[in-house]
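Open your viewer and get ready to select by residue number. We will stop at a few places, one after another.

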Amino acid sequence: MVVFLSRLTICEGKRREGMRDMGKTKHSGPIKLDTSLQPALWASMMPMGLGKIKPHHIRDTMKVMYENRDNLGYAYRILTQGVCDGCALGVSGLYDQTLTGPHLCTTRLNVLRLNTMPAIESKWLEDVQALKRLSSVELRKLGRIPYPLSRKPGDNKFTRMSWDEALNRVANKIKDISPKQLAFFLTARGITNEVYYTAGKMARFLGTNNIDNASRICHSPSKTALKRSVGIGASSCNYQDWIGTDVLVFWGSVPANNQPVSTKYMYAAKKAGTKIILINPYREPAMEKYWIPSVAESALFGTKLADDFYQVNIGGDIAFMNGVMKHWFEMEQEAPSSAINHAFVKEHVNGLEQLRKHVLSEPWEKLEKSAGLSRERMKEFALLLAHAKSGVFIWSMGLTQHRFGTDNISQVANLAVLRGFLGRKNCGVMPIRGHSGVQGSGEMGADPFSLPGGDFDEKAWTRIEKLWNFTVPKWQGDIVGISLENAILPDGHERKTRLFYTSGGNFLETMPDPDFMQKCLESVELRVHQDIIFNTSTLVDAKEEVIVLPAMTRYEQPGGGTSTSTERMVYFSAEIEGPRIEEARAEWEIYVDLAARVHPEKKHLMHFSSAEEIRAEIALANPNYDGIQHLNKRGDVFQWGGAWLCEDGVCPTADGRANLLPIEVPDLNKPEGHFYVTTRRGKQFNSMIYSKIDPFNNADRYDVLMNADDARDLRIKEGDNIVVYNSYGTFQGRAKFEQTTRGNVQVYWPEGNALIPKGVYETYAGIPEYNTAVKIERADTFYANKDLQYKEKPIEDLEVNIS
């Protein structure tokens, strides 16, 4: 395996504009895992967790082998030669840059079949109504999209078409509409940096800034918050920094479920004496005990991961962190330097006095009510951090998917900066990514708020126009949610979305209010689905036509491709020998071809003949990626930015200093008698579900996780049929008692999306809100009342008519 982190030395003399976030220390490469026995960490004396509710890794692996039995050789080569197309830990073949030894998880195994399955049988394309009766799980199993397809309103079948015919229709439509009526979206399913870059360049070549990516519905607030707080748009540290840090804190993130290989990192951290803390409304079983299959000790006896759980209210994190800082400032009044790293703050930080004044003015009663924790409990956490010499803070969608997501992350940054946990070993802030391609999407410019290597501003326009030799449109593009909603604007509106072109993605299952999303999708005149499989949104009608284009996977791309991990490692994934879908094309090739058909007179400005050529241009467009042009064989990798961003406390902000920001406690809008509800992931990858049962708590997809005391107050028994409802929608499920904090419930996603309000977006980053207030009743009571209301309603209508 070729690891050439040292190649970054080539760039040492080339510090160009936009490279201020580069650190001088280089990643040292993988370290050896401590496998010595430590019984104090064992989760159970029962070998292999027999009788426990836990994932069954051996059984699941055998199931995957059976599913891929028709292409086992190819499946093996993908696993051993390709870069993982699951989460963004960054496993190349079976190895990563954190620990020596092989790494493999069931998430990656579950996604494997997407790459090895044959084409869908043509008989399915003849009956769309039959396809519409299938779930996305069932549609996925039918096989790959074989060739370009078309379906017009009223057709009950997909009609095969040539690539020329398909792209000419799309190109002609683009010519007939305004660029502001055109929108692109790219998901994160195995998509490479080369594809994101080409898509972003193509969108601007066609005159539109309406291009967005999957980070909009997961981590967009992470970038906006880190930019304003410390000047960076990515993780400041590495996975290796978990190992040996004093305290490792996970906020609204369950890596044991979403990034299973990370449990090995946590195992190593525990061996090194690290305390692991989870801050989450639900006491996650996967973070309490986990059986790590690739570590013999853990596979036999399991590992206790989290040392403590702070069960905040859904949306109560800002109040909780304000409480922690309030304790710190009170401690400072009694004993200076007992909580805050004053040397670090004095040299590298702005805004201390404004933050102090704000936090000390917050009443404890307000903070306790919002957080759902007592001031004494907050003090325990405040003391833990105050006594720690190092710390790494990690978060995911439990913090980002709120209408105040950016403020949530700025609070995490506040804590890290006050303690000086930034820019050095075993310290940092890390938005842990759940998809292998999504970190690179914005860095490549497939985003309405950014261009490659910079923001969407005059400075970036000037730099990119000089490279691309064509004018970039200067108007602000829309986020994907707004682009979809714009489809229902009146005819003739300048921003009405008339052509929506999506590479992957299933908005019926990823966005709030599925019925409204269907209306939006149906209102688009021409919809293009560039994908490897069908999903439920592919089958939704369009006003004029739906065109489906077969895409290659990352392992089929000629010339290979790259992806960027959570820790900013840029991995090269080579083309892998194996069966092919005959008419599938590399996604960047499709974009280049389409652009040439729209503007043949200047197609030379948007032309790439190879993946290598794209990588060479990426190195020029985004200075941080200088080094990507050298990636050309299996195992090649480099890390942009060095081991730590903001190294030694120097931030890539205007003045080189971090910014402390006073953050107001949000109004959670929970009326009396209501509960907070949030969405939970089970055994799934994004919206692709692989099991109806959550292996960590044995819950069904329609179980509602709730506190037993709350249920007793409502006279609900475990297993009762219940209805969760609000003004936005209704969810019918069953009560399952779990260790959630009182007043908080969890429903599975996307099944529970009907409860989430549509059109609510975070102010700074545009992420949809995925939390809301609900009422809960036993099903029999709910429907009895509903019947009564139904009988009364005609009487009210009659009275109105008579009057």
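Here is a short tour, stop by stop.

Before you start: this is a predicted model, where local features need pLDDT of at least 70, side-chain atom pairs count only at pLDDT 80 or more, and totals for chains, interfaces and linings use all residues. Residues are numbered from 1 along each chain as its sequence is written, and side-chain values use heavy atoms, with hydrogens and water left out.

Stop 1: Select residues 106–116. This is helix H3. Helices here are DSSP runs of H or I with at least four residues, strands are runs of E with at least two, and both are numbered from the N terminus. How many residues of H3 are buried? The count is 11 of 11. Buried means under 20% relative accessible area, exposed means over 50%, and partly exposed lies in between (1.4 Å probe, protein chains only). Among the buried residues are Arg108, Leu112 and Asn115. Now show what covers them: the cover includes helix H1 (57–67), helix H2 (72–81) and strand E23 (684–685). Contact means heavy atoms within 4.5 Å.

**Stop 2: a buried arginine.** Move to Arg144, in the loop between H5 and strand E1 (149–151). Is Arg144 buried or exposed? Arg144 is buried, because its relative accessible area is 1%. Show its side chain. It reaches the backbone oxygen of Ala551 at 3.3 Å. A polar contact of 3.1 Å also joins the side chains of Arg144 and Glu556. A polar contact is a pair of N or O atoms within 3.5 Å; within protein, one must be able to donate a hydrogen and the other to accept it, and residues adjacent in sequence count only if both atoms are side-chain atoms.

**Stop 3: a three-strand sheet.** Select E18, E19 and E20. They form an open sheet in that order, with antiparallel pairing. Strand E18 (561–564) and strand E20 (637–639) are the edges, each pairing on one side only. Two strands pair if DSSP finds at least two bridges between them. Four bridges join E18 to strand E19 (residues 569–573). Look for one partner pair: Gly561 and Ser573.

**Stop 4: a glycine in a helix.** Finish at Gly398, in helix H18 (residues 397–400). Gly398 is partly exposed, with a relative accessible area of 29%. Gly398 touches Gly252 and Asp317, not counting residues up to four places away in sequence.
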